[in-house]
Amino acid sequence: MTKRKIGVLVSGRGSNFQAVADKIKNENLPIEIAVVISDSPEAYALQRAEKLGIPHVAIARQDYPDKASFEAAIDKRLREAEVELVVLAGFMRILSADFVNSWYHKIINIHPALLPSFTGLDAQGQALNYGVKI
């Protein structure tokens, strides 16, 4: 069975990336994480990828003169890895419409918020503190 290749974009600890990797392995899904890309060279997610033997790279925004060239570098790496689906797993940057449109129907975002009511990190804790029951 041919495995579908995904690319995972991360910014921090990589807990969402780890959950995706674990699910693929535990369910024996026909998916391969072809590359993990972080916008932060210090992201712990890169260490997680290293431990799992997954190709990984840091592409730091400050290394590029503008957002377009930064996104072009990410896009180039994804395409070199023959990625079919981009998974934003705790990627803390807003991508341009041009980037998103270039991956039309081939990009998903795992987001910690419960929009529109509870934004940002710890949205579930915010909801519980507010008293949300459903």
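## Reading the labels on a β-α protein

Read from one end of the sequence to the other, the protein runs β-α-β-α-β-α-β-α-β-α. That pattern comes from five helices and five strands, and the model is a predicted one.

Trainee: How much of the protein is buried?

Mentor: Buried residues come to 37% of the 134 residues. As for contacts between residues at least 6 apart in sequence, 54% join residues at least 24 apart.

Trainee: Let's take a single residue. Why is S11 called buried?

Mentor: Buried means under 20% relative accessible area. S11 has 13%, so S11 is buried. You'll find S11 in the loop between β1 (4-10) and α1 (15-26).

Trainee: What does the side chain of S11 reach?

Mentor: The backbone nitrogen of M92, at 2.8 Å. The cut-off for a polar contact is 3.5 Å, so 2.8 Å falls within it. Leaving out neighbours within four places in sequence, the contacts of S11 are S38, D39, S40, A43, G90, F91 and M92.

Trainee: Which residues touch the most other members of the largest nonpolar core?

Mentor: L9, I37, I74, L78, V83, V86 and F91, out of 17 residues in that core. Two or more residues come from each of β2 (31-38), α3 (67-80) and β4 (85-89), with α3 giving the most, four residues.

Trainee: What is V86 in contact with, beyond its neighbours within four places in sequence?

Mentor: G7, L9, L78, W103, K106, I107 and I108. Apart from that core lies another one, of 14 residues, including F17, V20, I24 and A45.

Trainee: On to the rings. How many aromatic pairs does the structure hold?

Mentor: Two.

Trainee: Why is the pair of Y64 and F70 called tilted?

Mentor: Stacked needs planes under 30 degrees apart and edge-to-face needs over 60. The planes of Y64 and F70 are at 55°, so the pair is tilted. Their centres are 6.3 Å apart, and the limit for pairing is 6.5 Å.

Trainee: What makes the pair of F118 and Y130 edge-to-face?

Mentor: The planes are at 65°, so the pair gets that label, with ring centres 5.9 Å apart. F118 sits in the loop between β5 (107-110) and α5 (123-130) and Y130 in helix α5, so the pair ties together parts twelve residues apart in sequence.

Trainee: Is F118 buried or exposed?

Mentor: Buried: its relative accessible area is 13%, under the 20% cut-off. Y130 has 66%, and exposed means over 50%, so Y130 is exposed.

Trainee: Which ring does the charged end of R93 sit over?

Mentor: The ring of F70, at 5.6 Å from its centre. The distance limit here is 6 Å. Likewise, the charged end of R79 sits over the ring of W103, 4.2 Å from its centre.

Definitions and conventions. Residues numbered from 1 in each chain as written. Predicted model: local features only at pLDDT ≥ 70, side-chain atom pairs only at ≥ 80, totals over all residues. Heavy atoms only, no water. Buried < 20%, exposed > 50% of the residue type's maximum accessible area, 1.4 Å probe, protein only. Polar contact = N/O pair within 3.5 Å; in protein donor to acceptor, adjacent residues only side chain to side chain. Contact = heavy atoms within 4.5 Å. Core = buried A, V, L, I, M, F, W, Y, C linked by side-chain atoms within 4.5 Å. Phe/Tyr/Trp six-rings, centres within 6.5 Å; stacked < 30°, edge-to-face > 60°. Lys NZ or Arg CZ within 6 Å of the ring centre and 35° of its normal.
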